[in-house]
Amino acid sequence: MIKKHLYYLLLAIIITSCSTNPYKSTEKVYDKQLKTLENQITTKEAQPIPSVSPVVIDTTYAQQLGIVKDTLSKTGSTILLNGINTEWIGTVNFNLRKPSFIIIHHTAQDSVQQTINTFTKTKTQVSAHYVISENGKVVQMLNDYLRAWHAGASTWGKNTDLNSSSIGIELDNNGFKPFTEAQISSLVALLTKLKKDYNIPTQNILGHADIAPGRKQDPSALFPWKTLAEKGFGIWPDEILEEAPFDFKIEQGLRIIGYNTKNLSAAIMAFKLHYIQTDTTATLDRKTIDTIYSIYKKQLQ
């Protein structure tokens, strides 16, 4: 009798193990789409960046160079804290994440090569998607869809993880000298491509100092934010400032723009670094208040 029960048990196990996987067809679709995306993010061919009207006099744009190879993989079963194993069933509806911000930095280093060395060493734990040299050469170091480590601890509005939603661009500049025309021309050409590719809102092109007040100062007060805004990358205050209403709440205005105001003085300085530049102190004079009001109104449009 025991032998008979063992026989039926063994037979049931064999039948179960040989049964058809009901998700076999969708798993094939998943694998195919995964392979397509993997190919998409591992291509390393140089891509031309578009020609745009010159920023000043330079109209020569470098090609983007190669990207670091990245791969995608399937996820297996995971054991949860309560002992339950998750089951893997691949969906057929997915794509890569889309960036919605661009964050501009200066490298604060001595050369493009030094920056590349920094970004290719594990111990540094820092990276960016693009590096632009003084002569306008553009080096791409990570696919746009992947998460670089350039923003660090940062916030903009309710977004507390800018690394996950942004593209980081580093400009070869030590923070104390003007940016070159060739460099800004290539930046404008690159921004033209990225803004179109990912439909990035104009007001979502920011500096590292904007998203990390008090902690970061890049790009410096020498960065031509006004020129970029005139090209459609970022916003700029009105030429003739409207006087802010008597009851205009400055801190609330800065928060609505996007600034973290936990350290209000740092937020004011970061704002002035971007939008005033000739004065980057925490002083709230009439011009500063009216400039905040001007950007506040544009942010609401």
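Mentor: Buried means under 20% relative accessible area, exposed means over 50%, and partly exposed is in between. Keep in mind that this model is predicted.

Trainee: Why does Tyr145 count as partly exposed?

Mentor: Tyr145 has 26% relative accessibility.

Trainee: What makes Tyr198 count as buried?

Mentor: Its relative accessibility is 7%. The cut-off for buried is under 20%. Tyr198 therefore counts as buried.

Trainee: Why is the pair of Tyr145 and Tyr198 called edge-to-face?

Mentor: The ring centres lie 5.6 Å apart, and the planes meet at 85 degrees. Rings pair if their centres lie within 6.5 Å, and planes over 60 degrees apart count as edge-to-face. So the pair of Tyr145 and Tyr198 is edge-to-face.

Trainee: How do you know that this pair links distant parts of the chain?

Mentor: Tyr145 sits in the loop between strand 3 and strand 4, Tyr198 in helix 4. They are 53 residues apart.

Trainee: What makes helix 7 and helix 9 oblique to each other?

Mentor: They pack at an angle of about 40 degrees, with axes 9 Å apart. Roughly parallel needs under 35 degrees, and roughly perpendicular runs from 65 to 115. The two helices are therefore oblique.

Trainee: Which residues of helix 7 make the contact with helix 9?

Mentor: Ile250, Gly253, Leu254, Ile256 and Ile257. Helix 9 brings Ile289, Ile292, Ile295, Tyr296, Gln299 and Leu300. The contact residues divide into nine nonpolar, two polar and no charged.

Definitions and conventions:
Residues are numbered from 1 along each chain as its sequence is written. This is a predicted model: local features need pLDDT of at least 70, side-chain atom pairs count only at pLDDT 80 or more; totals for chains, interfaces and linings use all residues. Side-chain values use heavy atoms; hydrogens and water are left out. Axes are lines fitted to C-alpha atoms, for helices over the stretch in contact, and angles run from 0 to 180 degrees between N-to-C directions. Helices (H or I, at least four residues) and strands (E, at least two) are DSSP runs, numbered from the N terminus. Angles under 35 degrees count as roughly parallel, over 145 as roughly antiparallel, 65 to 115 as roughly perpendicular and the rest as oblique. Contact means heavy atoms within 4.5 Å. Ala, Val, Leu, Ile, Met, Phe, Trp, Tyr, Cys and Pro count as nonpolar, Asp, Glu, Lys and Arg as charged, and the others, Gly among them, as polar. Rings of Phe, Tyr and Trp (its six-membered ring) pair if their centres lie within 6.5 Å; planes under 30 degrees apart count as stacked, over 60 as edge-to-face and the rest as tilted. Buried means under 20% relative accessible area, exposed over 50%, partly exposed in between (1.4 Å probe, protein chains only).
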